[in-house]
Each structure stands twice: as C-alpha cells, then as structure tokens.
Amino acid sequence: MIVGLTGGIASGKSTVSRFFKELGLEVLDADEVVKEVSQKKDIVDRIAEVFGKDILDKEGNLIREKLREKAFEDKKLLKKLNGIIHPQVIEIFVEKKKETPEESIVIFDIPLLYEAEMENLCDKIIVVYVERELQIKRVIERDSNSRELAEKIIDAQMVLEEKAKRADIVINNNGTLEDLKNQVNVVYCNLQKIKNAR
C-alpha cells in the first residue's frame, strides 16, 4: 500500500516522516530524490541554461540558496525548474510503486504531491496541517528568511486548507511535538488495520 504524505513548507511533514520511519515504515523522500536528480550533469546544465551560470559554484554544482531565491522571485522560472526536475522524480516514484508488494506500507513523502499531480500514485493520502501564521513563523525561524520571502514560498504552494480537504487523513500540527507523535501512532495503527483488511 502506498501512502502519500504531504503538507506545506514548515508544516511538520518531515517530523511526521521521521516518526513513521521510527515505527519501521519505509519512506521514499521526494526532497532526497530531487537532490539526487538535480546533481546529474545534464540536469544541472539545463537548469543553468534557464537561470544563468551565476547559480553554479566553481566546481559547477548548483548553489541551492541562489537557485531557490531566483525561483521563488519569478513564477515562470519556478515553473520551468519544475518542468526540468519533476518528470525525472515522478519516474522514480512510479518505479517504486511497481515494485512495492501489496502487503507492505511505503510512505511517499512528497511536499508537492498535488501540485505535481502525483496523488494518483497513492492508495491513501495524509496531509500535515498547520495554521498559516504559525507556518510563516516557522519558515522565518527555520530558514532565517524574511517574512516577505516566507510568504512567497508558502503562496507558491497549494493552500493547506485545500490540501486538507482532499486528504484521506489530516494530522493537525498546531500543538506540541508530543501531540504530533500521538497522532502519528494512531494513524500508523489505522494504516495497519486498512492493510490487513485488504
């Protein structure tokens, strides 16, 4: 069974993902896959063509902070970047789905699950929800971003309320870390029941 896990930036999705790993579930992390894909020479060349050579360091590797800033300053550039990277990432997830046995539970940790139209790869979808003001505060604290950049990054994603509406399961992360862990444990037990009932 493939379970999609998504949310917004700084919603706590990575923490939820870690809790699932601690419970023994396999997690395929889209951010890790993106990192691998975007280190490939041909992909780096295509990105540099669109964004300019100043996003590369002396060794010809991507300077991720610079790329991120440019991409979120300009929606057209962000769209082009996604157009280069997403097809390669999707391919890796499609392969993983094919080789996952029915009796296993694998978490597909994908921040842009809906934006990249990857929800059809999942049997169930979990959304980690947080209130917008708390989300902005966490982005500023975590990444030392200005409020303006934090809002731009959040606004580039689908509204969290909308994601929550589409989800099978919503994990609310407006409370403490302990609350979050308890919710994950409950969801884990429910996923096991669903899997065993199949």
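**Exercises on helix packing and pockets**

Helix 1 (residues 13-22) packs against helix 9 (residues 177-197) at an angle of about 55°, their axes lying 10 Å apart. The model is predicted, with local features needing pLDDT of at least 70 and side-chain atom pairs counting only at pLDDT 80 or more, while totals for chains, interfaces and linings use all residues. Residues are numbered from 1 along each chain as its sequence is written, and side-chain values use heavy atoms, without hydrogens and water.

**Exercise 1.** Classify the orientation of helix 4 and helix 7.

*Solution.* Step 1: helix 4 (residues 64-73) and helix 7 (residues 147-155) pack at about 70°, with axes 10 Å apart. Axes are lines fitted to C-alpha atoms, for helices over the stretch in contact, and angles run from 0 to 180 degrees between N-to-C directions. Helices are DSSP runs (H or I, at least four residues) numbered from the N terminus.

Step 2: angles under 35 degrees count as roughly parallel, over 145 as roughly antiparallel, 65 to 115 as roughly perpendicular and the rest as oblique. Helix 4 and helix 7 are therefore roughly perpendicular, whereas helix 1 and helix 9 are oblique.

**Exercise 2.** Identify the residues through which helix 4 meets helix 7.

*Solution.* Step 1: contact means heavy atoms within 4.5 Å. Step 2: Arg68, Phe72 and Glu73 in helix 4 meet Leu149, Lys152 and Ile153 in helix 7. Step 3: by class, this contact has three nonpolar, no polar and three charged residues.

**Exercise 3.** State which helix gives the most to the lining of the largest pocket.

*Solution.* Helix 5 (75-99) is among the helices that each supply at least two lining residues. Helix 5 gives the most, with eight residues.

How values were computed:
Nonpolar A, V, L, I, M, F, W, Y, C, P; charged D, E, K, R; others polar.
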